[in-house]
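Please open the structure in the viewer and keep the selection tool at hand. The stops below are meant to be taken in order.

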Amino acid sequence: MKTIRVALIGYGRSGRNIHRSLMSQLPEKYQIAAFVDLDAQRRALIRRENGVEALPDYRDLFGRRDIDLVVNASYSFDHARISADLLRHGFNVLSEKPAARDADEFASTLRAARESGSRYFVFQQYRFAPAYRRIREVVESGKLGRIIQFTFTFDSFARRWDWQTVHGFNAGNLHNMGPHPLDWALDMMGFPEDVSVFCAMDRAHFFGDGEDFVKLFLRAPGAPLGEIEVSASYAYGKNTYELQGTRGCLTGTDVGLKWQYYRDEEAPVQRLDTRSMRAADATPVYGLETLPIHEESWQPTGYEVDAFNAKGLNCYNALYETLTEGRPFLIRNEEIMLQMRVTEEAYRQNAALFR
Ligand SMILES: NC(=O)c1ccc[n+]([C@@H]2O[C@H](COP(=O)([O-])OP(=O)(O)OC[C@H]3O[C@@H](n4cnc5c(N)ncnc54)[C@H](O)[C@@H]3O)[C@@H](O)[C@H]2O)c1
């Protein structure tokens, strides 16, 4: 079994708490061969926790032939520049989201991959979330009928004062949290090129100039209406996932889903009747029928109970198959490009917030 030798750039919440933690759970598949962090305190932490000297500059990796993959968990504004530089120097790269500032920057990173022949992946691990995968199965089963609309909600009630609140850092809630529900949304819609975007942003109590409230609608011919909310101003826990279909609906979070639907063949036969609605004795009534409703549910089991960890593990396992067996990676770069274009348009519509 081949072990993928990884260089990890950035030892922060993502690099340390997500990527290092995930790879440490898959020791036969991944081994961290080099750590990079420009912050001296973080390099000291790497030394304490891993017993190795970290590099201060990712360019110190250039020329090394023992690295199969570089994980780019640096600051969001630097992802594309660093990824492109690494790709041009012959490294395969897994970039944290958001992969670039905009579509142009992403296109130039894709060009670097194409020209060098190196492989470039974006870490959108929420696509691998067990709850989301289950939702896709329910939708594909047809039980809910045609999906009319879905809402994906990432709400919290919290102030924030770090770099992730600063627009110029390629941050704010759409750049930071947004790539996850946006990826689901475009996936649910079949990644339509002709998608139209309506987005309202606001700032409530983040300390930087980035948005902490995002409401985004997506529409495309033949696709369900998509709604995304990412807010730092709502404490009462709306469900993450809500779907409405022509025969059923679904709601839930990563710790459990439920859905209900009826089957046409079991429903009472009705015909359109435009007279004032009445019972047999002519008394006025509202629609009287009992639809035979089927209700089903899902709860994570085993390793999926830790939902955040599970989606990352699923992603790393899938990437391993891509790297070693040539399986196509679930997250395609054309899909990320569409996400970039939608994000760009959403910020364009809210430019006044950042003046
Ligand atoms: N996919 C997810 O679920 C998820 C979760 C958290 C963060 N992220 C993403 O990960 C990235 C990092 O976020 P974070 O929360 O870990 O930030 P952080 O501030 O906690 O850590 C960033 C680390 O990267 C280091 N760094 C930055 N630029 C560097 C460079 N050029 N070379 C070497 N080291 C560098 C910093 O010194 C710091 O230690 C962001 O793009 C963020 O959006 C993704």
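Select Leu8 and Val71 together: Leu8 stands opposite Val71 in strand S3. Strand S3 covers residues 69–72, and strand S1 covers residues 4–9; helices (H or I, at least four residues) and strands (E, at least two) are DSSP runs, numbered from the N terminus. S1 and S3 pair in the parallel sense over four bridges, where pairing requires that DSSP finds at least two bridges between two strands.

This is a predicted model, in which local features need pLDDT of at least 70 and side-chain atom pairs count only at pLDDT 80 or more, while totals for chains, interfaces and linings use all residues. Residues are numbered from 1 along each chain as its sequence is written.

Remain on S3 and display its side chains. Leu69 and Val71 point one way, Val70 and Asn72 point the other way, and all are buried. A residue is buried if 20 or more other C-beta atoms lie within 10 Å of its own, exposed if 12 or fewer, and partly exposed in between, with C-beta atoms placed from the backbone.

Next, select strand S4 (residues 93–96), which pairs with S3 in the parallel sense over three bridges. Here Val70 stands opposite Val93. From S3 the chain crosses through helix H3 (residues 79–88) to S4, and this β-α-β crossover is right-handed: with the strands pointing away from the viewer, the path from the first strand over the helix to the second runs clockwise.

Return to S1 and select Ile4, which lies in this strand. Ile4 counts as buried because it has 21 C-beta neighbours inside 10 Å.

Which peptide bond joins Lys97 and Pro98, cis or trans? The bond is cis, with omega about -15°. Pro98 lies in the loop between S4 and helix H4 (103–116).

Two further loops complete the tour. Most residues other than glycine have a negative phi, and most peptide bonds are trans. Phe191, however, has a positive phi of about 50°, and its place is in the loop between helix H7 (179–188) and strand S7 (196–202). Phe191 is partly exposed, with 18 other C-beta atoms within 10 Å. Finally, select Ala282, whose phi is near 80°, also a positive value. Ala282 is found in the loop between strand S12 (256–261) and strand S13 (294–298), and it counts as exposed, with 8 C-beta neighbours inside 10 Å.
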